[in-house]
Amino acid sequence: MDGNSGNRASGERKPIALALQGGGMHGAFTWGVIDRLLEDGRLDIEGVSATSAGAMNAAVLAYGMLKGGPDGARQALHDFWLAIARSAERYSPFRWVPWMKGGHSFGLDNSPLYAVADMVLRLMSPYQFNPHNMNPLRDVLASQVDFEALRRECPCHLFLCATNVETGKIRIFSGEDMSIEAVLASACLPTLFQAVAVDGQHYWDGGYVGNPAIFPLIYQCKTHDVVIVHINPIVRPGVPRTAADILNRVNEVSFNSSLMREMRAIAFVTSLIQQGKIDRAEMKEMRIHSVRNDETMAALGVSSKYNADWKFLCFLRDKGRDHAGTWLERNYDHVGQRSSVDISGEFL
């Protein structure tokens with residue numbers, strides 16, 4: 001972990017809300033983004049809405065802030081992802097070694113274990129290959145986050161998104177609902193894990209209905225500025241032709257679709273406000289910002305989402321830090337003033 005509170009950039013502190021996407025081990029990119037924003041120190045995080053891997057980052061971020069402010073959050077995120085890597089060394093059937101795919105793609109495509117595991121996931125459900133419902137993520141979260149403390153005194157608004165299996169509706173966990181089960185529900189890929197039961201209801205990954213959900217930040221936070229940290233590429237040039245590439249792109253499109261719908265609604269309301277058709281006192285005009293690196297994420301491929309090798313996680317962290325640093329240089333002055341992305345052009 002680089003830097004400390006003593007060398008943070010000087011400047012006006014501005015409140016923001018974070019919206020964190022999910023995407024497996026690619027969530028380490030988000031770790032890097034958060035780490036750089038905390039190191040900079042000019043942005044106060046009022047709220048976080050998050051899904052899947054983003055939900056894990058959000059819970060760890062909040063608990064780290066509770067324990068030790070921005071530096072405590074940075075250390076907590078480092079420790080969490082290190083614990084993920086160490087857990088994978090013990091439990092994960094997926095292994096990456098440098099010769100598998102060359103360069104720094106960190107794909108698992110050429111791993112015999114990955115090929116076998118991928119076939120099992122296509123033919124069997126988690127109720128068949130994991131009847132005892134073992135989930136190493138539970139142990140990692142329990143060792144890294146005190147959820148009772150978060151329920152008692154969370155330092156920011158925290159909203160975790162999950163999908164109700166039976167109704168298909170969105171569930172936002174917050175406040176007294178915050179728990180290990182809430183995080184696991186938000187991160188429950190149905191091909192990997194059994195549905196997570198909370199209060200008699202069963203949940204799958206929140207990415208199907210909110211990746212992430214923006215509306216809780218609009219309704220529950222005072223700030224008008226939302227910084228979205230993207231993991232799933234919105235733009236992927238070329239037409240996928242292999243079965244794996246087609247499935248990957250289908251997942252990217254579906255996991256971005258809920259965000260695109262919310263951006264359409266935000267763009268519509270913003271247009272009405274700016275045209276004077278709606279009183280600014282009646283509706284909240286949102287300012288949207290986006291930390292996004294489609295080029296890096298699109299180059300990684302679907303198999304790397306399962307790669308918890310520490311070198312890979314650090315690679316993504318560093319990419320996230322670099323991209324967040326560039327975003328701060330270009331867009332910090334826009335925070336509190338206007339959106340730093342063209343919502344219609346980027347999302348619609």
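Begin by selecting G175, which is in contact, meaning heavy atoms within 4.5 Å, with R151 and L158 once its neighbours within four places in sequence are left aside. This is a predicted model, in which local features need pLDDT of at least 70 and side-chain atom pairs count only at pLDDT 80 or more, while totals for chains, interfaces and linings use all residues. Residues are numbered from 1 along each chain as its sequence is written, and side-chain values use heavy atoms, with hydrogens and water left out.

Stay with G175 and display the C-alpha atoms of G175 and R151, which are 24 residues apart along the chain but separated by 5.8 Å. G175 is found in the loop between β4 (170-173) and α7 (180-186), where helices (H or I, at least four residues) and strands (E, at least two) are DSSP runs numbered from the N terminus. Is G175 buried, partly exposed or exposed? Buried means under 20% relative accessible area, exposed over 50%, and partly exposed in between, with a 1.4 Å probe and protein chains only; G175 counts as partly exposed because its relative accessibility is 44%.

Next, select T30 in helix α1 (residues 27-40), and notice that T30 counts as buried because its relative accessibility is 0%. Leaving aside neighbours within four places in sequence, T30 is in contact with L20, N57, V229 and I231.

Which residues touch the most other members of the largest nonpolar core? A nonpolar core is a set of buried Ala, Val, Leu, Ile, Met, Phe, Trp, Tyr and Cys residues joined through side-chain atoms within 4.5 Å, and in the largest one, with 73 residues, they are L18, V48, F147 and L160. Helix α2 (residues 53-91) gives the most to this core, with 17 residues. Select L160 as well, which touches A50, A55, A58, R171, I172, F173, M178 and V183, not counting residues up to four places away in sequence. A second, separate core of 22 residues includes I214, V226, M286 and I343.

On a 1 Å grid over the protein atoms alone, a pocket is an open set of points with protein on both sides within 12 Å along at least five of seven lines, a cavity is a set where a 1.4 Å probe fits but cannot get out, and lining residues have an atom within 4 Å of a point. Grid points are joined across faces, edges and corners, and a volume is the space filled by probe spheres set on the points. This pocket is lined by 13 residues, of which I218, Y219, I266, V269 and M283 lie nearest its centre, and α9 gives the most to the lining, with five residues.

Finish at the largest cavity, with a volume of about 40 Å³, and select its lining residues, H26, I231, N232, P233, R236, N248, E252, M297, G301 and K305.
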